[in-house]
Amino acid sequence: MPQSDQPQPAANPTTVARKSDRELTVTRAFDSPARAVFEAWTRAELFRRWWAPKSMGAVISACEIDARTGGGYSITFGEGPDAPTFFGRYVEVTAPARLVWTNDESDEAPLTTVTFEDQGARTVLVLSERYGAPEPLDEAIAGMRAMAPEQFGQLDALLASRGGE
């Protein structure tokens, strides 16, 4: 059967939506159990393999994750003194169902919540970002629409390569 040159729709599409004037949601189903999807978000050695969209050429040069309530995270892209680093602390960690963290690199950064709805061999993930003001939301939605489908596609590939581990 010939291959099409047209991009094929993802088996599990990523949906980005404005929930309110200060909140966006990203929804995606994964064909893996919640435990495996949760681990990919909370183990640095797994997270660094899927988070940076390959098409952007971004490389995670450092990644530390202490996924417990009160723990922190730090993710650095690239090398050198000007390399951007994203960091914050975990407000809530309920394995394998829910993560809530701060984004402390900016006063305008959101509070992020990720839920993992366990459906047996399938997980519905909902990421929510709540901003303190409406202004940053339009840029955030555009960024999520540009990056999240590729990121979550990379997460799909990682999960498939691990075979539900």
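Of the 165 residues in the protein chain, 41% are buried, where buried means under 20% relative accessible area, exposed over 50%, and partly exposed in between (1.4 Å probe, protein chains only). This is a predicted model, in which local features need pLDDT of at least 70 and side-chain atom pairs count only at pLDDT 80 or more, while totals for chains, interfaces and linings use all residues. Residues are numbered from 1 along each chain as its sequence is written, and side-chain values use heavy atoms, with hydrogens and water left out.

**Overall fold**

- The protein chain holds three helices and eight strands; helices (H or I, at least four residues) and strands (E, at least two) are DSSP runs, numbered from the N terminus.
- Along the sequence, these elements follow the pattern β-β-α-α-β-β-β-β-β-β-α.
- The radius of gyration is 16 Å, close to the 15 Å that the globule rule gives for 165 residues, so the protein chain is as compact as a globular protein of that length. The radius is taken over C-alpha atoms, and the rule is 2.2 Å times the number of residues to the power 0.38.
- The C-alpha trace spans about 55 × 35 × 30 Å along its principal axes.
- Among contacts with a separation of 6 or more, 47% are between residues 24 or more positions apart; contact means heavy atoms within 4.5 Å.
- Carbon and sulfur atoms hold 52% of the accessible surface, which comes to about 9,000 Å². Accessible areas come from the Shrake-Rupley method with a 1.4 Å probe, and for residues only the protein chains shown count as cover.

**Helix α1**

- Helix α1 (residues 34-42) is largely enclosed by the rest of the structure, because seven of its nine residues are buried.
- The buried residues in α1 are Ala34, Ala36, Val37, Phe38, Ala40, Trp41 and Thr42.

**The largest pocket**

- The largest pocket has a volume of about 830 Å³. On a 1 Å grid over the protein atoms alone, a pocket is an open set of points where a 1.4 Å probe fits, with protein on both sides within 12 Å along at least five of seven lines.
- It is lined by 30 residues, and Trp51, Phe86, Asn103, Glu105 and Glu129 lie nearest its centre; lining residues have an atom within 4 Å of a point.
- At least two lining residues each come from β4 (72-77), β5 (85-94), β6 (98-102) and α3 (137-162), with α3 giving the largest share, six residues.
- The lining has 21 nonpolar, five polar and four charged residues. Ala, Val, Leu, Ile, Met, Phe, Trp, Tyr, Cys and Pro count as nonpolar, Asp, Glu, Lys and Arg as charged, and the others, Gly among them, as polar.

**Loops to look at**

- Proline 96 is in the loop between β5 and β6, and a cis peptide bond joins alanine 95 to it, with omega about -15°.
- Arginine 22 is in the loop between β1 (15-18) and β2 (23-30) and is partly exposed, with a relative accessible area of 31%.
- Leaving aside neighbours within four places in sequence, arginine 22 is in contact with Glu129, Arg130, Tyr131, Gly132, Ala133, Pro134 and Leu137. Arginine 22 and alanine 133 are 111 residues apart in sequence, yet 6.0 Å apart C-alpha to C-alpha.
- Glutamate 108 is in the loop between β6 and β7 (111-118) and counts as exposed, at 53% relative accessibility.
- Not counting residues up to four places away in sequence, glutamate 108 touches Tyr131 and Pro136.

Methods: Grid points are joined across faces, edges and corners, and a volume is the space filled by probe spheres set on the points.
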